[in-house]
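Me: Take a look at this model with me. I have some questions on its side chains and surface.

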Amino acid sequence: MIKNPFIKYWNKITFFSIAVCVAMMLLWLTPLREYLHSASYYIGMYYVVTIAFWAFLYYAPKKGIIKLEQAYMISKIGKILIYALIFAIVLLFGFEKSAKFAFAYLALYLIYMLFDTVTVMQLVKEHKEENKQKEI
């Protein structure tokens, strides 16, 4: 049975985000809880942004709008700009304490970028296989 790739990815990131939330909840039992005060909101932000850009990365080359490499660069630059904008807004308006917020935000950024890199590499591999089949 062939699943829709977007639904398949959505399931992956949902379970990944639930695992990250559980890990954050377990860390609330340690002295690190001060660093993770609002982490659940940022997990939600990373979840939505990652899904949106993966959908763009998957569907834009399929529709022939742009090449996969261009979509990849647009998605990476778009993500970093969104994350930096949120980071700057939070720090400028003083919603969070600087060092503690920065640590949690950076940790979540690294976790989600690792997940994104692994899934995008799978997408690239699938894209290459499809191109080989089209050439034959």
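What follows is a short exchange on this predicted model.

Me: How many salt bridges does a search of the whole structure find?
Reply: Asp 116 and Lys 76 meet through their side chains, 2.6 Å from N to O. Lys 79 and Asp 116 also meet, at 2.7 Å. The search of the whole structure gives a total of two.

Me: Which helices does the pair Asp 116 and Lys 76 tie together?
Reply: The side chains of Asp 116 and Lys 76 form a salt bridge. The two residues lie 40 apart in sequence, so the bridge ties together separate parts of the chain. Those parts are helix H4 (residues 98–135) for Asp 116 and helix H3 for Lys 76.

Me: Are Lys 79 and Asp 116 buried or exposed?
Reply: Lys 79 bonds to Asp 116 in a salt bridge. Lys 76 joins them in a network of salt bridges. Buried means under 20% relative accessible area. Lys 79 and Asp 116 are both buried.

Me: Is Leu 26 buried or exposed?
Reply: Leu 26 sits in helix H1 (residues 5–27). The cut-off for exposed is over 50%. At 54% relative accessible area, Leu 26 is exposed.

Me: Which residues is Leu 91 in contact with, leaving aside neighbours within four places in sequence?
Reply: Leu 91 lies in helix H3 (residues 68–92). Its relative accessibility is 30%, so Leu 91 counts as partly exposed. Beyond those neighbours, the contacts of Leu 91 are Ser 98 and Phe 101.

Key: Residues are numbered from 1 along each chain as its sequence is written. This is a predicted model: local features need pLDDT of at least 70, side-chain atom pairs count only at pLDDT 80 or more; totals for chains, interfaces and linings use all residues. Side-chain values use heavy atoms; hydrogens and water are left out. Helices (H or I, at least four residues) and strands (E, at least two) are DSSP runs, numbered from the N terminus. Buried means under 20% relative accessible area, exposed over 50%, partly exposed in between (1.4 Å probe, protein chains only). Contact means heavy atoms within 4.5 Å. A salt bridge is a side-chain nitrogen of Lys or Arg within 4 Å of a carboxyl oxygen of Asp or Glu.
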